[in-house]
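Open the model in your viewer and follow the stops below.

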Amino acid sequence: MKNNRVTFASKLGMVLAAAGSAVGLGNIWRFPSQTADGGGAIFILIYLACILFFGLPLMISEFLIGRASQANASDSFTKLAPGTPWKWVGRVGILSATLILGYYLVVCGWTVIYFIESVTGALGEVTDFSGHFSELQGNGGKQSLYVILFAVVTATFTIMGVKTGIEKASKILMPLLFLLLIALAVRAISLPGSTGGLHFLLYPDFLNVEGKVFLAALGQTFFSLSLGMSVMITYGSYFRKDSNLPKSALQISILDTLVALLAGFIIFPAAFALTPDVNAVQSELVAGGPGLLFITLPGLFKSMPLPMLWSALFFLLLIIAALTSTISLLETGLVFISERFGISRTLSSILVAVFVIVIGVLSSYWPQFFNLLDFTTAKVLLPLTGLPISIFVGWYLDRKLVYAELSNNGTLTFGHRFLSAYTFILRYVAPLGIMIIFVYGLVA
Ligand code: PHE
């Protein structure tokens, strides 16, 4: 096991790189479609609770496991719990990350295609965005091509290494994306007729909430915060010894949630404002699924001056946000393979890339396969990995090690309340909560 790990060059770069992993298509593409499916405001409320009670504590825990062990996500468990099967938690996480990358690349491909169509102006000629998107979904060959392209670019960044590639990209472009989202939200909300969308986002319907909405919110929490797939363990292993783990996790969770909410406050007001018939909007939202972003947003751009400029800028920044996520997903499998089998970063990066390309191409041709992967990863594998992680840190690990790692060997001080709340959540709230939501969501 190698111990001469690279670390991120600066603290800000480190937080931004982990934030770059968290903020991605999960926030801007997946969050709105899950919100639409889950009934709007009620989904958002449950989602926020999941972030607070499961997401945040688990992110701290994943960072802690990674930084305490300085190893890939499988060896990190081996180091902290030698001779036990705990390493399989890390391995299942690595598998989930790689499977997710496979179908995530399809959505990355859509983003690139929409960017190119904005630059050439072709998107500006479209009148029926829903038809336009279905046509793309029916074109397996075209989607596959962009899957391959995106995988190659991702692999190139990971080969270049942690410092040059990931850190630099994240530093400049994340803040830019944030500003653009604010501008678009202001525009969408100021459209006449947008209030239906605001209502949908702000007034929860407590009476009609089903078990599967809880599971969807839980899955979205893991997906969006990059948890349960060994990614944050891997990034934690690159963290510097003087970085404040709870504070970083808090900052990343807040940023990630803000981006998702902003995306919601763009898509829903725009959807309601741009489709005059409210019933049509409702059914479009329910049927919206994966296409929502790619159908509603081009409509919003069309309502603005210089539509193709906004559109190109938006899809470009989305590509970058997606790239910082795909890099983290590929990195997780890569570093495991490279350290486990003693092969170079380059070769393992190529191996993982080939594997995810196969999955991506299959998902491009069969949307059912895409949906199946999305379901099994977000709603089954991620909660099933998150649960043992909370038990590992809450019960298995020595308390002294946990506190030493949280406080950087006593250099940071945390209130007694924080530490007991953290332990209580990891011991009881998270394991029980995840289990109940999981079982109830699958059977109900
Ligand atoms: N969190 C990323 C997003 O929301 C996706 C992702 C999932 C990245 C898992 C890394 C690991 O887009």
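Select the ligand and the residues around it. Of 15 such residues, Ala22, Gly26, Tyr104, Phe223 and Met229 come nearest; a residue is near if one of its heavy atoms lies within 4 Å. This is a predicted model: local features need pLDDT of at least 70, side-chain atom pairs count only at pLDDT 80 or more, and totals for chains, interfaces and linings use all residues. Residues are numbered from 1 along each chain as its sequence is written, and side-chain values use heavy atoms, with hydrogens and water left out.

Next, colour the helices (DSSP runs of H or I, at least four residues). At least two shell residues come from each of α1 (11-22), α2 (25-37), α11 and α16 (307-341).

Now show the backbone N and O atoms around the ligand. One from serine 21 lies 3.2 Å from a ligand nitrogen. One from alanine 22 lies 2.9 Å from a ligand oxygen. One from serine 224 lies 3.0 Å from a ligand nitrogen. Taken alone, the ligand exposes 320 Å² (Shrake-Rupley method, 1.4 Å probe). The protein buries 100% of that.

Last stop: select serine 224. Serine 224 belongs to helix α11 (residues 211-224). Is serine 224 buried or exposed? It counts as buried because its relative accessibility is 0%; the cut-off for buried is under 20% (1.4 Å probe, protein chains only). Show its side chain together with that of aspartate 256. A polar contact of 2.6 Å joins the two; such a contact is a pair of N or O atoms within 3.5 Å, and within protein one must be able to donate a hydrogen and the other to accept it.

Methods:
Buried means under 20% relative accessible area, exposed over 50%, partly exposed in between (1.4 Å probe, protein chains only).
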